[in-house]
Amino acid sequence: MTDKPASVPTDVDDQQAMERILGRPLNQTWTTGALAPDTRVKVVRDPVWDGPWQLEFLGTIDDMGAPQPNKHAQALSDELLYWVTFDTPQYDSNGDGPYRKAQVWGRYLRTEPETA
């Protein structure tokens, strides 16, 4: 999701927009063992290639939709896709963006300890 004025209620609008694009409601059934909504994460870069994001950054697992199995041919076994809201808008490795939220492959997420 690209950056949007703060006056727009993003959570509801984002979910409705994605459901229109997909042509179906987003799944709301959370998978056992998946990272919980509101979990703080660091989105990391791949050690093998220059991506998927230009930088490593912090975000939060978003409850817009439950994590989904990653069905990409290069996905790891049992890898999930998570909706993540970024602390600050980010550009992907192609220079597209800025994005404030995106679906991120589980392999690129590291949990971050809560800070006081």
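Modeller: Asp-62 lies in the loop that runs between β2 and β3 (68-69). The model is a predicted one. Asp-62 counts as buried because its relative accessible area is 10%, under the 20% cut-off. Its side chain has two polar contacts to describe. The side chain of Thr-85 makes a polar contact with that of Asp-62 at 2.6 Å, and the side chain of Lys-101 is joined to that of Asp-62 by a polar contact of 3.3 Å. Leaving out residues up to four places away in sequence, Asp-62 touches Asp-11, Trp-30, Trp-83, Val-84, Thr-85 and Lys-101.

Two of these neighbours lead further into the model. Val-84 is among the residues that touch the most other members of the largest nonpolar core, as are Val-43, Trp-53, Tyr-82, Phe-86, Val-104 and Leu-109; this core has 17 residues. At least two of its residues come from each of β1 (40-43), β2 (57-61), β4 (80-90) and β5 (99-105), and β4 supplies the largest share, five residues. In soluble globular proteins, nonpolar side chains tend to be buried together.

Two or more of its lining residues come from each of α1 (10-22), β3 and β4. By class, the lining comprises seven nonpolar residues, four polar and one charged.

Terms used. Residues numbered from 1 in each chain as written. Predicted model: local features only at pLDDT ≥ 70, side-chain atom pairs only at ≥ 80, totals over all residues. Heavy atoms only, no water. Core = buried A, V, L, I, M, F, W, Y, C linked by side-chain atoms within 4.5 Å. Buried < 20%, exposed > 50% of the residue type's maximum accessible area, 1.4 Å probe, protein only. Helix = DSSP H or I, 4+ residues; strand = E, 2+ residues; numbered from the N terminus. Polar contact = N/O pair within 3.5 Å; in protein donor to acceptor, adjacent residues only side chain to side chain. Contact = heavy atoms within 4.5 Å. Nonpolar A, V, L, I, M, F, W, Y, C, P; charged D, E, K, R; others polar.
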